[in-house]
Amino acid sequence: MDRLLAAHGAGSQLRLLLADARGVWGVLRLLRSAGGRPFGEEDARRAVRLRPVLVEALRRYGTSGPLCPEPDVPALRPGVVVVGADHRVKAVSPQARAWHDQWSAGSGQAIPPWVSDLFFAGLSLAARADALRAAAPGNAVQSVGTHTKESSAPLVCLPPAVCGRWLTCQAEPLDADGTGDVAVVVQGATADLVVPSFCARYGLTARERDVVAELREGAAVKQIARRLGVSPYTVNDHLKAVFRKTGAYGRDDLITALTR
């Protein structure tokens, strides 16, 4: 991407990680044309002051979609994208193409292929770096089908605002040291993966997250109260706060959002 930008006259660049206590929301990249004044420390300080506003804008986008999956959005089967050692997409399964078409339909405009290619290349690079760390002396080597504490497959959980339902993209190297191909699996998100992202995007407190996790397991209010060591009234107060923050109409609406 840097070579492509340089070929079109881009000079210096400034990149700002858009993150807060709840996680990473994105990256802001600013460009100046070649021959112009390069970015300096004052530019960086100004960009940092924008971070809270930009993070909030991205968080709002992530919660702008439907709370529950839209009934007319099909639940697609998993798809696979293969990224080669040259960081280029070399193969895309029909189901992965169907997911891409659904992203475009959800955004209301066609997503340029290079945007998707950069996204998959980024996941591939993260997976390769993870494999190298795991294989380094002193670290446990990642076994097939398992993840050590030092290593876990890079994963992105995307909200319904993207294409009408929660989905995940997870990258796995096809060899031990991450120097060969990387497979990226695109599929509908399971509830275990949805809950952390859901809670972060809607700004739920730690105790509200505990209540949501218990609720997803089918526990009644009295059971939740007993397990968390609080009163049923306190549990109901937490539930009311969750409903207010997420816009859920009630328990059934919330459970549906987390299990479909």
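**The largest pocket and its surroundings**

In this predicted model, the largest pocket holds about 2,200 Å³ of space. Its lining is made up of 42 residues, and those closest to the centre are V115, S116, L118, F119 and G122.

Helix α4 (113-135) supplies the largest share of this lining, with eleven residues. Other elements that each give at least two residues to the lining include the helices α1 (2-7), α2 (41-62) and α3 (94-107). The strands β2 (23-33) and β5 (155-158) are also on that list, as is helix α6. Sorted by class, the lining has 25 nonpolar residues, eight polar ones and nine charged ones.

Of these contributors, α6 can be described in some detail. Helix α6 runs over residues 191-201 and is mostly covered, with eight of its eleven residues buried. The buried set consists of A191, V194, V195, S197, F198, C199, A200 and R201. C199 has a relative accessibility of 1% and therefore counts as buried, the cut-off being under 20%. Just after the helix, G203 has a positive phi of about 65°.

Strand β5, another contributor to the lining, spans residues 155-158. C157 has a relative accessible area of 9%, so this cysteine is buried too. The structure has zero disulfides. For C157, the nearest cysteine sulfur belongs to C169 and lies 9.4 Å away. A disulfide needs the two sulfur atoms within 2.5 Å, so C157 is in none.

Strands β3 (residues 79-83) and β4 (residues 89-92) pair in the antiparallel sense, over three bridges. V83 has V89 of β4 as its bridge partner. Five residues lie between the two strands, and in this hairpin H87 takes a positive phi near 70°.

The protein has 260 residues, of which 37% are buried. Among contacts with a separation of 6 or more, 55% are between residues 24 or more positions apart.

To return to the pocket, the element to look at for the lining is α4, which gives the largest share, and V115, S116, L118, F119 and G122 are the lining residues closest to the centre.

Conventions. Residues numbered from 1 in each chain as written. Predicted model: local features only at pLDDT ≥ 70, side-chain atom pairs only at ≥ 80, totals over all residues. Heavy atoms only, no water. Buried < 20%, exposed > 50% of the residue type's maximum accessible area, 1.4 Å probe, protein only. Helix = DSSP H or I, 4+ residues; strand = E, 2+ residues; numbered from the N terminus. 1 Å grid on protein atoms, 1.4 Å probe; cavity = no way out; pocket = protein on both sides within 12 Å on 5 of 7 lines; lining within 4 Å. Points joined across faces, edges and corners; volume = space filled by probe spheres on them. Nonpolar A, V, L, I, M, F, W, Y, C, P; charged D, E, K, R; others polar. Pairing = 2+ DSSP bridges. Contact = heavy atoms within 4.5 Å.
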